[in-house]
Amino acid sequence: MTVLQILHAIVLGPLELLFDIVYALALGITHNPGISLIFMSLAINLLVLPLYRRADAMQEEEREQSLRLKSGVEHIRKVFKGDERFMILQTYYRQNNYKPYYALKGSLSLLLEIPFFIAAYHYLSNLKLLNGASFGSIDNLGVPDNLVTFGGISLHLLPILMTAINIVSGIIYTRGMPLKSKIQLYGMAIIFLVLLYESPSGLVFYWTLNNLFSLIKNIFYKIPNPKKVISIMCSVVGVEIAILGCIHFSGIRRKVLMLLLAAILQFPLMRKYIRLKDIPSKKENKIDEKGARAIFFSCCIFMSLLVGVLIPSAIISTSTSEFVDMADFHSPLQYILRTVSMAVGVFLLWCVIFYQLSSDKAKSVFSLCSVMIIFCAMVEYMFFGKGYGNISPLLKYDVPIEISAKEYALNTFALLSVAGGIYLLWKKGKGELLKATCVIGCLAITAMSFINIMKIRTEAIGLKQLAEQNEQGIPEFTLSKKGKNVIVIMMDRAISGFVPYLFAERPELKEQFAGFTYYPNALSFGLSTNVSVPSIYGGYEYVPFEINKRSNESLKDKHNEALKVMPILFRDNGYKVTVCDPPYANYEIIPDLSIFSEDKDINAYVTHGAFNDDESVRIEQKEKAINRNLFCYSLFRISPVIIHAEVYDGGNYNYADNFSKLDNEEEFDYNYISVDEFKSTGVFYDFISAYRALQNMSYMTKISDSTDNTFTSFSNTTTHDVMLLQEPEFEPKNEIDNSEYENNHVIRSATGAKDMKLSTVTQMEHYECNMAAFIQLGKWFDYLRDKGVWDNTRIIITADHGRRIGLQNIIMDDADKEVNKEYEDVMFFNPLFMIKDFGDKDFKTDDTFMTCADVPAEACKGLIDNPINPFTGKAINEDGKNANELYAMYSKWSITENHGNTFVDPVRITLRNHYMFDRKNWSYGD
C-alpha cells in the first residue's frame, strides 16, 4: 500500500464501509437501488446527527464569543501596532479564555462534511450496482440524469434541485448571521453544483437527499422545542419498526432485535419519565475527567490492535498459503496493513472525533462504554463463535453458521455479567485498575500479534521460494497405444452415495463409465486429506494408526514417503511416470513438487489453477474481497452472538455490489455467495481452478504410438471446493437460479436406492459438483476411447474421504436422524471407489469390501509381480483389510496444527464385519 492508500483507508475507508453496509442492509429489504439510497441517506444522517448538532453548537459558542470580544479586538487593533498589538491581543484572548484557533470552530460543520462528501462520492461513483438501475423517471442511476433535453442538449435537473435545496437551507440556517457565514454557505452550494453536475444521478440523488435532510434539520432548529418533536418522531419510527419487524421476520431472534431497536428509539421520548442513576458523582469516587480520558484512549488503542492486527494475523497465520496467490505473489502482510489502517481510522480517528465533540458528561459515558466494549470484545473473541466450521481465504465458512438458543442465552448472560462487573468497578472509582488492565491488554495483544506476524513472514518467504520452484510449463502426461497405462485419480471428498443418482439423472454417464466397477462398500481410514491420503498412495503401511506407530519420524516425512511409493515403484519397473497435484506434498497446501526433485525421470505438475485464463481479474477480485472481508471478519468475531448472522451475512459481510453483475458477463465474479439451496451469485475460485483442470484433461493427454508403459497419478478438488452450479448443465455461472429445475427434481430416485431429497445448500453444492466432475471425466473417457487407449488403460478413481452432509439415511437403513458428532456419520468414511481394468466393457456394481489402501495393490495387480515398498521393503498387498476389525481415525484436518510426529488427539472409529452400512458394525472412540 502507498502512503495515499493508507491515508484513504484511515480517513475514508471507515465511512465507505459504513455506507456499503447500510446500503446493503437496505437493499436486502427493499430490493430497489433507488429506495435503498433514501434509506441510506436517512440512516447515515441520523447516525451522524449528534456529531453535527455538537458541531453546530460549538460553532454557535464560537460565534457568540467572537461577537463578545469583537469590540475589544477592534479597539486593540486600532490603538496598537506590531509586536505590541500581538502581545496585547494574546493577553486579551487569554484573559477571556479564548484561543485564536477557536475560529476553526466556525467551519467545523464544513470540515466534517468534506470527508463524508468525498467518501460518498468515491463509494457511489464506483458502485456497479447503480449502472443500468432505474428509479422513477431516472433511467440509469449510474450516469447523469439527462431529465430534460433541448435540441440535443441535455440538462441535468438533479444537481439544480440539489443546489436549490442547499440555498434554501442556507437561508434558513444563516438567518441573523454575518455576511461572511452566508457567503461561505452559498459558495459551497455553487461548488457542489459544479462538482456534481456531470456525476452519476445516484450520487447526486443521494446528496440531494442529504441536503433535504439538512433543510428539515434547520427548520427543526427554528421551531419551539425541536428536541420534543424529534423524540416523538423517533418514537413513531420505533413503533413502525416493531410492527414491520414482527410481520416481516419469521425468526424469534430477529423479532427480538427489532423490538430492542424499537425500545431504544423510545428512549428520547421516555427518558424524563425513567429514573436512572447517573454516572457516579465526584463525591462517590467518580473517575476524574483526566482518568476517564486516559481510559478512553487506551481502549481505542486496544481495539485498533485487536481488530486491526491480532484477529487478522491469527486467521492468516493458521494457513498462510491460502492467503498467497502463487500466480502473482504478494506477502499476505499487505492485508494486515490494510486492516490496521481501517482499525486506526475507526477507533483512533472517528471515535476520537465523536469523543472530542461530545459534552463532558457524554465523554464520561463514552469512556465507560469503551471499557465495557473491549472486555466484551475479548470475551467474544476468546470464547464464542469458534465452532462454525472451516473458513476460506475470503472469510467464508464451508457450511452455513448455526447458533443454538443455548448459545444465545449463554453469550447474552456472559456479556451482561462482564458489563455489570465493569460498571461496578467504575462506580467504585477503580480507574487506575481499568487503565492498567487496558495497557496490559495492549501489550499482550502486541506480543501475540508480533508472533503471528513473524510466523506469516517466515512462511511467506518459503512460499515465495516455492512459487519460484514450481514455475512450470503446461501440464501434460503421455498415454501409450501399445503399452499398458495405469491411471490413479483421487477426487477429494467425492461422495460414493451419490453415484446411483448421478447415473440415473444423466444416463449417458453410464455409457461413458462403461468398463468401471463401482464399489459402494468402501472404507476410508480418515476424515480428512492429511489423515487418509497416505494410505491411498502408500497402502496399508500408511493407514493413520500405523503412521502413528513410527513416532520418531515427522508426519511430513511419512506423508512425502507415501506420495512417492507408487511413482518410484512404477518407475523402477520401467514405466514413464507423471504425478499431478500430489496432495499436501511436503505438507504444503500448494503441493511442493521439490519432493520429486531428486527423481529426474518423474514428471510432476500442479494442474490446479494452471488453466485459469482470467488471472488478472480474479487476483484483483480476490485482493479486494480479502481486504474488505478481513476487517469485517474481525468485527464479526467481536460482535455479540445474537447479531452474528447479520454481520456475517452468509459470507457476504453486507457487501452491496454482490447484488450487481459484472460488466463483462464472460468474466467470473470470484466472490461466491449462496443465497439459498437454489440460488447463488459469483463463483468459488478454488472450484474453478480444479474444474478447469478436469475440462482440460484431453488437452493435457498426449497419445503415443510407442510400446512404453505409463503411470499417472492425478488429484483434483472439484468435489471438495464446492459451489452451486447451473442445472441441468451443471456448469459454473455468475448468476445461478435452479428453482424451476429443482421443482421438477425434488426427489431423486435410482434403481436399488432409497429416494433422495436435497434440502440444504451443502447437500446441493456437493451433489452438483460431484455431477460436474463425473461429466468432465466422462468427456475425457470418450476422448480416450476415440484415441484408442481405452482398452489398454487401467483407471482407479477414489476419494480420500466422504462428507457429513445430513444424508446418512440414504446409505443406511437404521441411520440415526440426528448425528451429534461428525465422525459418527458413516458417509464421512464412505469414499468413491471405482476401477476400470484392461479390456473391461460393462459398468458393474460390486459390494465386495474395499478400502482406500487397496489402491497401490490394485494398481500393480498383474503388472508388477510381488510389489515391494521401495522405502520399507515390505510387500504391497491387500492383506491389511482381512482383520475383522479395522480402525479409522478422526483427527485435526489442518496441517498447520497437525504437523508433529503423530496425529494429534486421535479418535478411533472401529468397523467390524467388513460391511459399512449396518450401524451395529460401528463403534466410536473405543
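This is a predicted model: local features need pLDDT of at least 70, side-chain atom pairs count only at pLDDT 80 or more; totals for chains, interfaces and linings use all residues.
Student: How many residues does helix α20 have, and how far does it reach?
Tutor: Helix α20 runs over residues 555-572, which makes 18 residues. From its first C-alpha to its last it reaches 25 Å, close to the 26 Å expected.

Student: Where does α20 bend?
Tutor: At Lys564, by about 40°. A proline, Pro567, follows within four residues.

Student: And what follows α20?
Tutor: Gly574 does, with a positive phi near 90°.

Student: How many of the residues of α20 are buried?
Tutor: 14 of the 18 are buried, so the helix is largely enclosed by the rest of the structure.

Student: Changing topic: how many aromatic pairs are there in the whole structure?
Tutor: A search finds 42. In one of them, the rings of Phe503 and Phe513 have centres 5.6 Å apart and planes at 55°, so that pair is tilted. Phe503 is in helix α16 and Phe513 in the loop between α17 and β5, so the pair ties together parts 10 residues apart in sequence.

Student: Is Phe513 buried or exposed?
Tutor: Buried, because its relative accessibility is 0%, under the 20% cut-off.

Student: Which residue pairs with Phe570, and is that pair stacked or tilted?
Tutor: Phe711, and the pair is stacked, at 4.5 Å centre to centre with 10° between the planes. Phe570 lies in α20 and Phe711 in strand β12, so parts 141 residues apart in sequence are tied together.

Student: Last one: what is Ser319 in contact with, leaving aside its neighbours within four places in sequence?
Tutor: Ile589 and Thr896. Ser319 itself is found in the loop between α11 and α12.

How values were computed:
Residues are numbered from 1 along each chain as its sequence is written. Side-chain values use heavy atoms; hydrogens and water are left out. Helices (H or I, at least four residues) and strands (E, at least two) are DSSP runs, numbered from the N terminus. Contact means heavy atoms within 4.5 Å. The expected span of a helix is 1.5 Å times one less than its number of residues. The bend at a residue is the angle between axes fitted to the seven residues ending there and the seven starting there. Buried means under 20% relative accessible area, exposed over 50%, partly exposed in between (1.4 Å probe, protein chains only). Rings of Phe, Tyr and Trp (its six-membered ring) pair if their centres lie within 6.5 Å; planes under 30 degrees apart count as stacked, over 60 as edge-to-face and the rest as tilted.
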